[in-house]
Amino acid sequence: MSAAGDTEVQGLYRDCGVLVTGATGFLGKLTIEKILRSCPGVRTVYALVRPKRGISVDQRKKIVLDNVVFDRMKRERPDSVDKIVFVAGDCSSPRLGLSDSDYHHLTQHVNIVLHLAATVRFDEHLKVAVDTNVKGTMEVIALCHDCVSLKAAVFVSTAYSNCPQDVIKEEFYEPPMSVEETLAMLNKFTEHELAILSPKLIEPWPNTYVFSKAIAENVVLTQRKDLPVAIVRPSMVISTLKEPIMGWVDNMYGPIAIAIGVGLGMVRVIYSSEEVIMDIIPADMVTNCVIVSALATNTGQRLNEQTF
Ligand SMILES: NC(=O)c1ccc[n+]([C@@H]2O[C@H](COP(=O)([O-])OP(=O)(O)OC[C@H]3O[C@@H](n4cnc5c(N)ncnc54)[C@H](OP(=O)(O)O)[C@@H]3O)[C@@H](O)[C@H]2O)c1
């Protein structure tokens, strides 16, 4: 505890500007909610959000904050809503699609970056996967380099980014190809050719999602220079264990889709291997890990159960 009564994590976030990408998503919503509810000293949470399907960023802010997942935060920290600033941007665009004034403002006021935005579709077109997940990571790293007072940047990847390996340790692995080779490959083929050739081009990676995430990890490794960065690799994320409410989820990916199918009585048999472990983790444990990783990154300490 500090003199202000802060825990170590609250102390790190006190008076900080925090940039969260992917804030409209499943884990992004939980991340901003948890920071604002549990780190009352935080100055501002900037959410980089793109306009989508004719819905403006202001409208998206209202939709996001009307979600039930923010009810507890509004009750316990009524002032927290005023600390959220939605900034129009797009991770797949140069300089994150930010206006010059927003880019400048963020570089002056952001101290912690939590990069969650990604396309998580396994069957995403290779170009979109690379533009969003690889180029997006490059643009976030570039922004981090321009920040005048960065304490930590956390990049959310996946436990399966290096899935051709039998065992995944807390270390970097050789990417399928360098970022330069990846971009050259995209330039060599038309979008139609890429759609057809992708399964061969990305072998032995099984889908464009994990392929692009593996290259994104290599971008973090090779472009971070002296930045305080961390990579978090969650496995399959399921509903919340307890925070801010028990059992909350807002997507239908992977194990959630199976659970819904089983619950509806539509899925009665699943083809599987006895050898394979279905590695699932509740969403609130993931967001806690992402938030706390900024502390470990800033102080160079390793995480242990006490930190959570
Ligand atoms: N959920 C899991 O099981 C799981 C497991 C391991 C790792 N992860 C990682 O955790 C992170 C968050 O995943 P999630 O489950 O929360 O996914 P999600 O619900 O699909 O959210 C993805 C977020 O990324 C944003 N995004 C996508 N493309 C963008 C772009 N070009 N510019 C700006 N924002 C963009 C989306 O914004 P829009 O609303 O505008 O589309 C959305 O806010 C990802 O990095 C993912 O790889 C997730």
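First, my terms. On a 1 Å grid over the protein atoms alone, a cavity is a set of points where a 1.4 Å probe fits but cannot get out. Lining residues have an atom within 4 Å of a point. Grid points are joined across faces, edges and corners, and a volume is the space filled by probe spheres set on the points.

The model is predicted: local features need pLDDT of at least 70, side-chain atom pairs count only at pLDDT 80 or more, and totals for chains, interfaces and linings use all residues. Residues are numbered from 1 along each chain as its sequence is written, and side-chain values use heavy atoms, with hydrogens and water left out.

**Entry 1: cavities**

I counted two cavities of 30 Å³ or more. I started with the second largest cavity, which holds about 50 Å³ of space. Its lining includes Leu30, Glu33, Lys34 and Arg37. Glu243, Pro244, Asp284, Thr287 and Asn288 also line this cavity. I then sorted the lining by class: two nonpolar, two polar and five charged residues. For these classes, Ala, Val, Leu, Ile, Met, Phe, Trp, Tyr, Cys and Pro count as nonpolar, Asp, Glu, Lys and Arg as charged, and the others, Gly among them, as polar.

Which element gives the largest share of this lining? I found α2, with four residues. Helices (H or I, at least four residues) and strands (E, at least two) are DSSP runs, numbered from the N terminus.

Next I turned to the largest cavity, with about 90 Å³ of space. The elements that give two or more residues to its lining are α6 (126-146), β5 (152-156) and α9 (208-223). The largest share, four residues, comes from α9. I noted 13 lining residues, and Asn133, Thr137, Val156, Lys213 and Ala216 lie nearest the centre. The lining divides into seven nonpolar, four polar and two charged residues.

**Entry 2: the ligand**

A backbone N or O atom of Cys91 lies 2.8 Å from a ligand nitrogen atom. A polar backbone atom of Leu116 is 2.9 Å from a ligand oxygen atom. For Ala118, a polar backbone atom is 3.2 Å from an oxygen atom of the ligand.

Terms used:
On a 1 Å grid over the protein atoms alone, a cavity is a set of points where a 1.4 Å probe fits but cannot get out, and a pocket is an open set with protein on both sides within 12 Å along at least five of seven lines; lining residues have an atom within 4 Å of a point. A polar contact is a pair of N or O atoms within 3.5 Å; within protein, one must be able to donate a hydrogen and the other to accept it, and residues adjacent in sequence count only if both atoms are side-chain atoms.
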